[in-house]
Amino acid sequence: MWSTDPRTGEHRAQVAVEAGSSDVDRAVRAAAGAAHALADRPLRAALLRAAADHLERAADEVIAVADAESALGAPRLAGELARTTYQLREFAGIVEEGAYLDVVIDHADPALGRPDLRRIRTGLGVVAVFAASNFPLAFSVPGGDTASALAAGCPVVVKAHPDHPATGELCARLLRTAAASVGLPEDVVSLLHGFDAGLALVRHPLTAAVGFTGSVRGGRALHDIAAARPRPIPFHGELGSLNPVVVTPAAAAGRAAEIGAGLAASFTLGNGQFCVKPGLVLIPAGEADGSVLEKAVVEAAGRAPAAPLLDGRMRTAFLAGVRERAALPDVEELLAAVEAPTTDTPLAVRPGVLAVPAQLLAADGPHALLLEECFGPVTVLARYRDPAELAVVLARLDGNLTATVQFAADERGEDAAALLRSLVPLAGRIVADGWPTGVAVAPAMHHGGPYPASTSTSTSVGAGAIGRWLRPVSYQTVPQELLPAELHDGNPLGVPRRVDGRLEHGRSAR
């Protein structure tokens, strides 16, 4: 496994070798053997905080290695590292608080014929995490899938992404050191490299669940393997998203230049390599303000600096994808996405903007390609003539992570509410008068959506992410001394619980 510079395409160093089937088996079995140690909630919280501390102490090295392998830039990666350590510490607090356990106690009631029942959620077992290309920290080895799985008491085996193997090795070493520093086995986190290793990891009989962020093609293949196992397992995948934006006629009339500039900033952010990049923008057709909006988008996007994509394969796919879309009948290339080599960055590209009549997207045909994600800095402006045409196009969209509406300041009536309601079946997050790029790590965040945005109804960001790796267990007429402490009468650990229908808030350790 080579570490490669995406700016030049040149190899930096050989980092590791691809794992064989015996390596996968050894890693998964070692993780399963370490699971019992993660049953201790205080130790889990200590591990998560120690992991954040170790990452921060090694920040300069982590950011330098990640930038060398991703070309995302030190400022962006410093922010990503801060997000990564923040979510590790947030999950530590969630573990200590205990509300995620969803404890319910119903004491025996002979009058109702009900026995003593006590329910709690417990970890599934070994979780396989597939690192993402576009977030070498926050969605990779130390990222949200790993943090939430560890918080749930599940050991993690990560399949490194081939775009940043050195970053993966460094972060895995830091997490394993953190585990040892709090008295946990290092094998609560391990790392594997190689395509075949990923397949073997999903198939391994001791793998209990999978977290994946990547392409629709790759994710669907792994999803089908997980479902076809003799014992199928949950596959939580984030696969692809077009993230449609609707600009109302009133919004275009009142703030076309502002919306155009905001759109350009959003779809070129990170060189268009965010999973929430707005890739389809429905704008009013045939109005002067529409041309103002289009001009503003093109001018602002044209000023965006040329930059490389995450690897040569993505660069080739991006340029080919834009060319194929631009060649469709009646598609206008308002800004050409082109190669833009420089001395230091020979693989850089510039962003593109395409435009098409929305009516061409309203029926089956070659223009359906414009309703598929094109990973990289390009967006499609679809000019709709009336609300009916807009509704037809929206009805043709697959599931998305986000859907956005740009309103005018005075659009707060039933028509605006109805438009928002029409987007709810399409996406997991609805944005008004803003842009979808930027996913806050917050309890109320939902980062997921109907397929292919994700393969489940859960979120991969925020406190709710822990639920992916848990299952409920009910204990019936089990003696107190044999129960988990969280289920004892008297609530010795102070966790939030519902007892005989009444909520006990417990005590917060945060």
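**Burial, pairing and enclosed space**

Reply: A300 has a relative accessible area of 16%, so this residue is buried; buried means under 20%, exposed over 50% and partly exposed in between, with a 1.4 Å probe and protein chains only. The model is predicted, so local features need pLDDT of at least 70 and side-chain atom pairs count only at pLDDT 80 or more, while totals for chains, interfaces and linings use all residues. Residues are numbered from 1 along each chain as its sequence is written, and side-chain values use heavy atoms, with hydrogens and water left out.

Me: Where does A300 lie, and which residues does A300 touch, not counting residues up to four places away in sequence?

Reply: Helices (H or I, at least four residues) and strands (E, at least two) are DSSP runs, numbered from the N terminus. A300 belongs to helix α10, residues 288-302. Contact means heavy atoms within 4.5 Å. Leaving aside residues up to four places away in sequence, A300 touches A261 and A264.

Me: Why does A178 count as buried?

Reply: A178 counts as buried because its relative accessibility is 0%. Helix α6 (residues 165-181) contains A178. With residues up to four places away in sequence not counted, A178 touches L47, A50, A51 and H54. A178 and A46 are 132 residues apart in sequence, and their C-alpha atoms are 9.0 Å apart in space.

Me: How do I read strand pairing, and how many bridges join β15 to β16?

Reply: Two strands pair if DSSP finds at least two bridges between them. Strands β15 (residues 400-406) and β16 (residues 427-432) run parallel and are joined by five bridges. From β15 the chain crosses through helix α13 (residues 414-423) to β16, in a right-handed β-α-β crossover. Right-handed means that, with the strands pointing away from the viewer, the path from the first strand over the helix to the second runs clockwise. Within the pair, A403 stands opposite I430 in β16.

Me: What is the volume of the second largest pocket, and which residues are closest to its centre?

Reply: On a 1 Å grid over the protein atoms alone, a cavity is a set of points where a 1.4 Å probe fits but cannot get out; a pocket is an open set with protein on both sides within 12 Å along at least five of seven lines, and lining residues have an atom within 4 Å of a point. Grid points are joined across faces, edges and corners, and a volume is the space filled by probe spheres set on the points. The second largest pocket has a volume of about 470 Å³. It is lined by 23 residues, and L38, A39, R41, R44 and E486 are the closest to its centre. The largest share of this lining, four residues, comes from β4.

Me: How does the lining of that pocket divide by class?

Reply: Ala, Val, Leu, Ile, Met, Phe, Trp, Tyr, Cys and Pro count as nonpolar, Asp, Glu, Lys and Arg as charged, and the others, Gly among them, as polar. The lining of the second largest pocket has 14 nonpolar, four polar and five charged residues.

Me: How many cavities of 30 Å³ or more are there, and what lines the largest cavity?

Reply: The count is three cavities of 30 Å³ or more. The largest cavity holds about 90 Å³ of space. Its lining has 13 residues, with H236, G237, E238, S460 and R468 nearest its centre. By class, this lining has one nonpolar, nine polar and three charged residues.
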